[in-house]
Amino acid sequence: MTRTITGTDRLPVGALLSDTVVIARRNLTRTRRTPQTAVAAVTSPILFLVLMRLVFAGSIHVPATTYVDYLVPAMLIQNVVFGGLQSATGLALDVNAGLIDRFRSLPTPAAAPLAGRSVSDLALQLLAAVLATAAGIAVGFRFHAGALSCLLGAGLLILISLSLFWLFAALGIVTRNPETIQSTTPVFFLFLFVSNAFIPVATLPRWLQGFAGNQPVSVFNSALRALTQGPGVALALGHDTTYLVIATVAWCAGIAVVSAAATLRFYKRM
Amino acid sequence: MQMSEPIIGIAGVRKSFGRTTALDGLSMQVAEGAVAALLGPNGAGKTTLVRILATLLVPDAGQVTVAGIDVVRRPVAVRGVIGLAGQHAAVDQTLTGRENLVMVARLYRLSAAQARRRSEEVLERLSLTSAADRPVRTYSGGMRRRLDVGASLVGQPRILLLDEPSTGLDPAARLELWSFLRGLVAQGTTILLTTQQLEEADHLADAVTIIDHGALVTEGTPAQLKAGLGYETIEVALADPAQLPQAARLLESLAEESPGIDGLAARISFRAPPAAKPLPSAVRLLDRAGIAVEDVTARRPSLDDVFLSVLGRTAGGEIPAGDGIADARPA
């Protein structure tokens, strides 16, 4: 009959990091044992890329570069968005299975189950990016910028994935339903297609150009093109590399801060 | 009951979801080392209360403490002393039993080595060692449920919260779970469980709290609650259903209220105070009238009877059968 308080109000400093690793490993074990979804997610960009290259390369002309060089960076960004939808679905399934409730009742930081998901899904996205790039190279894609610039591009891609994750995490936590998440796909298609991903913005109707040229997906596409194809390509597309990198980082920071705050709030109050 | 130092203290807790009131000023206490059963029909507020105790929900009003810790002000501290097994077995189907336990143990802040050791111990206690390295999706429902309870045990919680632990289990698996839970209690764990099965509360609980519409209906030990009813239920089966009305008229003199007639089974049931020796009297009355009796049984009040009587859910004249609330509740 003691009233001793065995609990502690503050979790140890390393808890977020170690629990993120625990959850990420769990997700990756899951993926290894039930690889169907992941295999589809990782291979579909290859198919998409090769098809786009074969079908459109002859008819779409882009300034200062070849169509396949223009296309591959955009495919990598598209990967991140599709990967994000998978993350949202994965979280929704965890909510439905009662696992999120389990995690929430344990002395683990609220951010750990979410951060763990972002890390495991980033790993899958990077695998998809490597495969898509390799497929791109097979159909004519080349890096035309220096190694350092390309590495910066890879770093930027990781930043974009980790930032957008929180947006998709909010979607997964709030909807808790894979079908509802599926039904939001058109919104993401809007951002992917009304952009500079597959065509130069100048070919769009004038009233669409403002949105299409400046929305985040286009900024991300341009930044990756600039870093992998060289500053000349970036300038031909309308912006210098520095501007594009800063704009990308700013979009990422904005999206991450707002949606991570919202996601954690939902998570704690769900 | 002596509850000078309740390990769970709930005072005036309220919780609404939109316009639905889930908990309406509920107060109750659980003594350390006890098994407390929270009994109530669907929508009574049982799950809401468990979720508040597990820090998953914040109450709108009232005070809730677990091991003396306020669940609203210090949720992280509460999480270190509780284990939760919710309504569905919250284990990862693709992981093995062992992997599930180690994961949860790590999140209980055990080191990797400690987590492995604790998981091994729990697997042994759950008799799951031989299945430990199989994916959970190959487990039976009973094994999955045991693993789920086990996952909440790897952190050695002082208080185990179980929301309808035997839902979906076959009778054998349910008995297995009960004996496992009794073992835990013997080692000093306090258990709060919700159930719709009166039998479960009767088997396991030291204290039963009946709630409905988010408020306390009655509480006490199973024995106290049954004693409070003060009657026996007599069931008489006749050889000839045609004699049912006549028999019912005869038995009316013994019964507290008019007897219930089940025409299909040719049965009559009625309640009477034990002092009236209703069983021999009934047999004598029917015998004298020349009515052939197939079978007669006297039943001490069950928790079913308590439940039905306090919630007022017995439809007049219906036999209060012992198979759960769902049947007795009007749709």
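**A walk through chains B and A**

Okay, let's start with strand β11 of chain B, which is joined by six bridges to strand β14 (residues 293–299) of chain B, with the two running antiparallel. When I say two strands pair, I mean DSSP finds at least two bridges between them.

Residues are numbered from 1 along each chain as its sequence is written, and chains are lettered from A, with ligands numbered from 1, in the order in which they are written.

Back to β11(B). Across the β14(B) pairing, Glu235(B) sits opposite Thr297(B). There is also strand β13 (residues 267–272) of chain B, again antiparallel to β11(B) and again joined to it by six bridges; there, Thr233(B) faces Arg271(B). So how much of β11(B) is buried? Six of the seven residues in 232–238 are, so the strand is mostly covered. Buried here means 20 or more other C-beta atoms within 10 Å of a residue's own, exposed means 12 or fewer, and partly exposed is in between, with the C-beta atoms placed from the backbone.

Now look at helix α10 of chain B, residues 278–288, where Pro278(B), Ala282(B) and Leu286(B) are buried. Why do those three end up on the same side of α10(B)? Because they cover an arc of only 60 degrees around the axis, the arc being that of the directions from the helix axis to the C-beta atoms. The cover over the buried residues of α10(B) includes β11, α9 (244–251), β13 and β14 of chain B. Turn to the face away from that buried side, and you find Pro280(B), Arg284(B), Asp287(B) and Arg288(B), which are exposed. Just after the helix, Gly290(B) has a positive phi of about 75 degrees.

Let's zoom out on chain B. For the record, Ala, Val, Leu, Ile, Met, Phe, Trp, Tyr, Cys and Pro count as nonpolar, Asp, Glu, Lys and Arg as charged, and the others, Gly among them, as polar.

Further up chain B, four strands make an open, antiparallel sheet in the order β2-β1-β4-β5. Its edge strands, pairing on one side only, are β2 (20–31) and β5 (69–70) of chain B. Strand β1 (residues 6–17) of chain B pairs with β2(B) over nine bridges, antiparallel, and Ile8(B) is opposite Val30(B) there. For a parallel pairing, go to strand β6 (residues 82–85) of chain B, which has four bridges to strand β7 (residues 159–163) of chain B. Ala85(B) has Leu162(B) as its bridge partner in β7(B).

Next, where the chains meet: 27 residues from chain A and 31 residues from chain B are in the contact. On the chain A side, α1 (15–33) and α4 (99–104) of chain A give two or more residues, and α1(A) gives the most, with seven. The chain A side divides into 10 nonpolar, eight polar and nine charged residues.

Last, confidence. pLDDT is the predictor's confidence in each residue, from 0 to 100. For chain A the mean is 92, and 97% of its residues reach 70 or more. Residues 1–5 of chain A are below 50, and beyond near neighbours in sequence this stretch has eight contacts in the model. Where pLDDT is low, the predicted coordinates should not be read in detail.

Conventions
This is a predicted model: local features need pLDDT of at least 70, side-chain atom pairs count only at pLDDT 80 or more; totals for chains, interfaces and linings use all residues. Two residues are in contact if their C-beta atoms, placed from the backbone, lie within 7 Å.
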